[in-house]
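Dear colleague,

I am passing on the structure below, together with notes on what turned up when I went through it. Please read the notes with the coordinates open beside you.

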Amino acid sequence: MKVSVVVCTYPTDRYEYFHECVESVLDQTYEDLEVVLVIDGNEEVHEWTVDDFGDVENVRIHCNEENHGISYSRTKGAELAEGEIVAMIDDDATAEPDWIETLVETYETTDALAVGGDVRPDWQVEKPDFFPDEFYWLVGCVEPGFAEDGEEVRNTYGSNISYRRDVFLNVGGYDPNTGRKGDKHLQAHEAPAGIRMLEEYGKGMVFVEDAVVHHKLFDYRGDYRWLVSRSFWQGYSKRVMDLLYPNAPDDKSAYLKQLLTHFVPKRVAELARSPSIPRVKQLVTIFVFTAVVGLGYLYAMVTPDVVEKANA
């Protein structure tokens, strides 16, 4: 089956990482592959991309007329794609050479409608000693306890995700009101698509741990204030999703239960056996981030017309 990999980008200052990402996709072991590059309204980046990849076989380049955001761009890429499968990776990530081959194996051996894989952190600075692995989901990486290999989930993370193209487009692709665009706060554009797929087809996405992507984590993703802010808007976004899709599986609440009943007691026990400052910091951070997520949820609860504002 033919696979189309969609890579979207916008900023000029991340072009070198985008270039590295595209090279990792072109180096895949899977042969029946096309690469769809969507430049989100940046003519300078578009010119650089054409210079570097315009003559490469099976590479298609599109530039939006203006900046529309990641959700619009990824859906546009899927519309332009010719593959039976459309896979997506962030522009600041790199894929293992067998990434697509591993995803395709699941499609060929199961009736999966969508398949996603492991997103591993690639810190570009030293990992902060306060950062708990349980909150890797805040920075788009797979956290401990996310899922078992082969387990069906609502969705995986956006830097390592794929769909049967007709299914993705049939459920409307990604909502352009979600995802990264300027200072918009509604996050997790993968979740609504996963929810609509569950409603339409009764099936979720298969998680495959051997399909691996490495996601670069820059210095700002280790900044405590940035992480606190992101926690707040994750809570806000969850409330909006609950209002939009009240009957959808509640993955985050299930993870919160796992966090408080399994991971926190485990950390407390480890701290008692072998006390250290980083372990104390990480335990405190778990409670801080969790509380701030709750504050974001409550803020959305008391915000009038929260859904209309999120979609404005």
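**Aromatic pairs and the overall fold**

F146 is buried, with a relative accessible area of 17%, which falls under the 20% limit used for that word. Please keep in mind for this and everything that follows that the model is a predicted one.

A search of the whole structure finds 22 aromatic pairs, and F146 takes part in one of them with F207: the ring centres are 5.2 Å apart and the planes stand at 75 degrees, so this pair is classed as edge-to-face. Since F146 sits in the loop between strand 6 (114-123) and strand 7 (152-153), while F207 belongs to strand 9 (residues 205-217), the pair ties together parts that are 61 residues apart in sequence. F207 is buried as well, with a relative accessible area of 3%.

Another aromatic pair is formed by Y224 and F289, and this one is tilted, with 5.6 Å from centre to centre and 45 degrees between the planes. Here Y224 lies in helix 7 (residues 224-244) and F289 in helix 9 (residues 277-302), so the contact ties together parts that are 65 residues apart in sequence. Y224 is partly exposed, at a relative accessible area of 29%, whereas F289 is buried, at 0%. Both rings also belong to a cluster in which ring pairs link F130, F135, W137, Y224 and F289.

Turning to the strands, strand 2 (residues 33-39) and strand 3 (residues 59-63) pair in the parallel sense over 5 bridges. Between them the chain passes through helix 2 (residues 43-53), and this β-α-β crossover is right-handed. Within this pairing, the bridge partner of I39 in strand 3 is C63.

As for the chain as a whole, it has 10 helices and 9 strands. For 312 residues, a compact globule would have a radius of gyration near 20 Å, and the chain, with 19 Å, agrees with that expectation. Its C-alpha atoms fill a box of roughly 60 × 45 × 40 Å along the principal axes, and 52% of the 312 residues count as buried. Of the contacts with a separation of 6 or more, 79% are accounted for by residues 24 or more positions apart. The accessible surface comes to about 14,100 Å², of which 49% belongs to carbon and sulfur atoms.

Key. Residues are numbered from 1 along each chain as its sequence is written. This is a predicted model: local features need pLDDT of at least 70, side-chain atom pairs count only at pLDDT 80 or more; totals for chains, interfaces and linings use all residues. Side-chain values use heavy atoms; hydrogens and water are left out. Two strands pair if DSSP finds at least two bridges between them. Helices (H or I, at least four residues) and strands (E, at least two) are DSSP runs, numbered from the N terminus. A crossover is right-handed if, with the strands pointing away from the viewer, the path from the first strand over the helix to the second runs clockwise. Rings of Phe, Tyr and Trp (its six-membered ring) pair if their centres lie within 6.5 Å; planes under 30 degrees apart count as stacked, over 60 as edge-to-face and the rest as tilted. Buried means under 20% relative accessible area, exposed over 50%, partly exposed in between (1.4 Å probe, protein chains only). The radius of gyration is taken over C-alpha atoms; the globule rule is 2.2 Å times the number of residues to the power 0.38. Contact means heavy atoms within 4.5 Å. Accessible areas come from the Shrake-Rupley method with a 1.4 Å probe; for residues, only the protein chains shown count as cover.
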